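Open the model in your viewer and keep the sequence panel beside it.

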Amino acid sequence: MLDLLSFDIDSLRKIGQGSSRTVLELGPDAVLKLSREGSDFGSDPNRWEVENWLRAEDEGWSELLCPILGWADDYSWLIMARATPLRFGDEPNTSCEEWLGMCSFLEWQGIEDLHPANFGSFEGRAVALDYAT
């Protein structure tokens, strides 16, 4: 497990931010998602994302999600594999029907915040990057 004390958190580059979390670059292979103090959700989005990841692994659909590599016991942070954000026309070349199918399946699994910015490419396949809800 990664020792966060070995990192100077303030020196890590911020690469994203949502309403309840900040995403920092840990290097070419991983990102750190930190729960933001004072947000309405606290550490719940990290907990929900970890629970969805574990459920997907158990049920056999984890290939649709960017892998989570580790997390704090209190869910204040999690480490996710780094994916490349998707842009229109980028690889993987996923058809409209495939996207609709993937989004429909994820929505059926209770993952609702499905929009282009929450998808990326990991190991040559499209994956959800933010699947907390």
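**Stop one: Arg-21**

Select Arg-21 and the residues that it touches, leaving out those up to four places away in sequence: Lys-33, Leu-34, Ser-35, Arg-36, Pro-45, Asn-46, Glu-49, Leu-78, Asp-130 and Ala-132. Contact here means heavy atoms within 4.5 Å. This is a predicted model, in which local features need pLDDT of at least 70 and side-chain atom pairs pLDDT 80 or more, while totals for chains, interfaces and linings use all residues. Residues are numbered from 1 along each chain as its sequence is written, and side-chain values use heavy atoms, without hydrogens and water.

Arg-21 sits in strand β2; strands are DSSP runs of E with at least two residues, helices runs of H or I with at least four, both numbered from the N terminus. Its relative accessible area is 7%, so Arg-21 counts as buried (under 20%, with a 1.4 Å probe and protein chains only).

Next, show the side chains of Asn-46 and Asp-130. The Arg-21 side chain has a polar contact of 2.8 Å with that of Asn-46 and another of 3.0 Å with that of Asp-130. A polar contact is a pair of N or O atoms within 3.5 Å, where within protein one must be able to donate a hydrogen and the other to accept it, and residues adjacent in sequence count only if both atoms are side-chain atoms.

**Stop two: the lining**

Now colour the lining of the largest pocket by strand and helix. β1 (14–17) is among the elements that give two or more residues to it, and β1 gives the most, with three.

Terms used
Buried < 20%, exposed > 50% of the residue type's maximum accessible area, 1.4 Å probe, protein only.
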